Amino acid sequence: MASSPYSSAQAARNRVSRRLRDLRADAGISGTELAVGCGWTHSKTSRLENGRTAPTPEDIRRWCQACGAADEAEDLISQSRDAESAYVEWRRSMRAGLRRLQDSYVSLYQSTQAFRIYSPTLIPGLLQTEGYASGILRISAAFQDLPVDDSAEAARARVDRSRIIHQPGHTFAFVVEEAVLRYQVCDTDGMAAQLGYLLTAGALPQVSLGIIPMAMPQRGQWPRETFHMYDDDLVSVELVSARIKVTQPSEIQMYARAFEELRSMAVYGAEARGLVLTAIDALR
């Protein structure tokens with residue numbers, strides 16, 4: 001059985017506490033000696049090592065300094081932040097309505113210069129038409145048993161938010177699996193309009209649209225989970241029950257590597273347009 005978002009977050013906190021304990025052991029100092037070096041009580045050292053208390057960034061910096069491992073502090077701080085706030089449950093975030101959830105991304109989008117987005121299942125939100133977005137959000141509202149279905153308003157907000165692809169100062173690299181072009185999450189007219197818009201948006205100079213063909217021989221990467229990279233600062237990973245926010249530099253590097261490998265398998269330009277046109281023909 002898959003672990004819950006809570007237990008996964010607790011496991012992440014435990015990994016941080018174990019690493020702190022290992023740093024102290026590697027330095028050859030006792031818990032009491034570390035407490036003296038950090039300027040706090042022995043009991044606080046014990047709570048931090050056993051995951052009963054979440055460390056602050058300053059706690060981690062002092063700990064690493066006392067253990068002669070100051071260069072590990074920033075990575076551990078990022079891990080700790082992930083442990084405390086990485087999991088954002090979809091139902092909780094949707095409670096105020098799908099429209100408000102769409103609006104919550106606006107500031108992040110405006111502050112991001114380079115977007116890198118991989119999707120094996122859906123047209124990415126930044127490239128969605130209103131009809132397609134309505135179909136997606138209607139499915140989400142039904143699945144989450146939301147008391148109010150504001151998917152139509154949310155779809156309009158998503159399209160409004162997506163106008164950022166026409167604003168200067170941003171670049172967008174999209175990689176999708178070819179199967180994405182065939183999944184009908186709205187009616188036939190809506191799908192035709194969505195695929196037609198891909199041809200238009202994919203031709204924008206600031207947009208790179210890569211499509212990984214289903215017939216790709218001997219893939220270097222299997223289809224991964226949907227993820228969005230915002231510069232080199234944040235990765236958002238979408239699961240059924242939650243959205244995971246990754247900020248640890250070493251993990252972000254892993255997603256960057258995965259994205260580059262997936263991107264290298266994609267086709268672009270005329271070949272990508274050909275796959276889209278074939279999908280449009282299949283709707284007739």
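**View 1. Five aromatic residues gather into one cluster.** Y109, F115, F172, F174 and Y230 make up a single aromatic cluster in this predicted model. Rings here means those of Phe, Tyr and Trp (for Trp, the six-membered ring), and two of them pair if their centres lie within 6.5 Å; planes under 30 degrees apart count as stacked, over 60 as edge-to-face and the rest as tilted. Go through the whole structure with that rule and you get 9 aromatic pairs.

**View 2. Two tryptophans, W40 and W63, form a tilted pair.** Their ring centres sit 6.4 Å apart with the planes at 40°, so this pair is classed as tilted. It ties together distant parts of the chain, 23 residues apart: W40 belongs to the loop between α2 (31-38) and α3 (42-49), while W63 is in helix α4 (residues 57-66). Helices (H or I, at least four residues) and strands (E, at least two) are DSSP runs, numbered from the N terminus. W40 is buried at a relative accessible area of 12%, and W63 is buried too, at 1%. For the record, buried means under 20% relative accessible area, exposed over 50%, and partly exposed in between (1.4 Å probe, protein chains only).

View 3. A disulfide would take a pair of cysteine sulfur atoms within 2.5 Å, and a search of the whole structure turns up 0 of them. C64 is buried, with 0% relative accessibility. Another cysteine, C186, is buried as well, at 12% relative accessible area.

**View 4. V246 and Q79 come together from 167 residues apart in sequence.** In space, C-alpha to C-alpha, V246 and Q79 are 8.6 Å apart. V246 lies in strand β7 (residues 242-246) and is buried, at 5% relative accessibility.

**Notes for all views.** Residues are numbered from 1 along each chain as its sequence is written, and side-chain values use heavy atoms, leaving out hydrogens and water. Since the model is predicted, local features need pLDDT of at least 70 and side-chain atom pairs count only at pLDDT 80 or more, whereas totals for chains, interfaces and linings use all residues.
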